[in-house]
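Colleague: Thanks for sitting down with me. Could you walk me through this one, please?

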Amino acid sequence: MSSEAEWWDVLDTKGRQTGDFFRRGATGWPTGRFHLIVAVCVQRRDGAVLLTQRSANKEEYPFGWEFPGGSALAGESSREAASRELREETGLEVPPAALTPVGRFAEVSALLDFYVAGKLSSPELTLQHSEVMAAEWVPPEEVIRRLRAGVMADPWVARLESLWPATIVECGQLR
C-alpha cells in the first residue's frame, strides 16, 4: 500500500481510538493525539534476535538498524499490525496471538507497542527491499553494542532505554 493511501486511526493519550482518521503524509496532525506504531523482537531458538537495516531509499533514518515494524493501519489491532509488518518486511509468518507484548513507548505523536516473537526454529527471511536492505540474527548484547555505536535508527535510542530490560526478561535472556 502506498503512503498516499495509508490511513491511521487517531488515538488519545491512553491509546483509545477517537473515531478520527488521518492520512499518512498529510499536514496538520492534531496536537495531543497519537497514531499507533508497532515493532517485533523476533528470537530464534538459539537466543539470537533479528535486526533489520532500513533501506537506503527511506526518507527517515536510512541505513539505521531496528526491529521490524511500522504503522498500524486504520481498523487494525496492535497485534494484527505487528504480525502484518513482520510478514511484509521479513517474510516471517507469526500469528497475532503468538506475539507477547513487552510494553508501550510514547513518542511525540506516536505510541509504539513492542512485542516478542520467539523462539522460532529455522526462520527463512524474505526481505522487502523497499523497506529493508539487510537483516542479521545477533545475540541480544549486540543490540546494546549497536545502540552505543550509534548505528541504530535514532528513535530506537529512547525506545530501547525504556523497553530493552523488559524485552530481555521476556526472551529469557536475563543473566
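Colleague: Where is A72 found?

Modeller: One word on the source before I start: this is a predicted model, in which local features need pLDDT of at least 70 and side-chain atom pairs count only at pLDDT 80 or more, while totals for chains, interfaces and linings use all residues. Residues are numbered from 1 along each chain as its sequence is written, and side-chain values use heavy atoms, with hydrogens and water left out. Helices (H or I, at least four residues) and strands (E, at least two) are DSSP runs numbered from the N terminus. On that numbering, A72 sits in the loop between β6 and α1 (78–90).

Colleague: Is A72 buried or exposed?

Modeller: Buried means under 20% relative accessible area, exposed over 50%, and partly exposed in between (1.4 Å probe, protein chains only). A72 has 6% relative accessibility, so A72 counts as buried.

Colleague: Which residues does A72 touch?

Modeller: Contact here means heavy atoms within 4.5 Å. Leaving out residues up to four places away in sequence, A72 touches W7, W8, L36, I37, A81 and R84.

Colleague: Is H35 buried or exposed?

Modeller: H35 lies in strand β3. Its contacts, not counting residues up to four places away in sequence, are W8, D9, L11, W29, S71, S109, A110 and L111. The relative accessibility of H35 is 9%, so H35 counts as buried.

Colleague: How many of the 10 residues of β3 are buried?

Modeller: β3 is largely enclosed by the rest of the structure. That is because the buried residues of β3 number nine of the 10.

Colleague: What is the bridge partner of V38 in β8?

Modeller: Two strands pair if DSSP finds at least two bridges between them. β3 and β8 run parallel and are joined by 10 bridges. β3 also pairs with β6 (residues 69–71), in the antiparallel sense over three bridges, and there V38 stands opposite G70. In β8, the partner of V38 is D113.

Colleague: What is the phi of Y61?

Modeller: Most residues other than glycine have a negative phi. Y61, in the loop between β4 and β5 (65–66), has a positive value instead. Y61 is partly exposed, because its relative accessibility is 32%. Its phi is near 55°.

Colleague: Which residues are the closest to the centre of the largest pocket?

Modeller: A pocket, on a 1 Å grid over the protein atoms alone, is an open set of points where a 1.4 Å probe fits, with protein on both sides within 12 Å along at least five of seven lines; lining residues have an atom within 4 Å of a point. The largest pocket holds about 1,200 Å³ of space, the volume being the space filled by probe spheres set on the points, with grid points joined across faces, edges and corners. Of the 40 residues lining this pocket, the closest to its centre are R24, R54, K58, E60 and S71.
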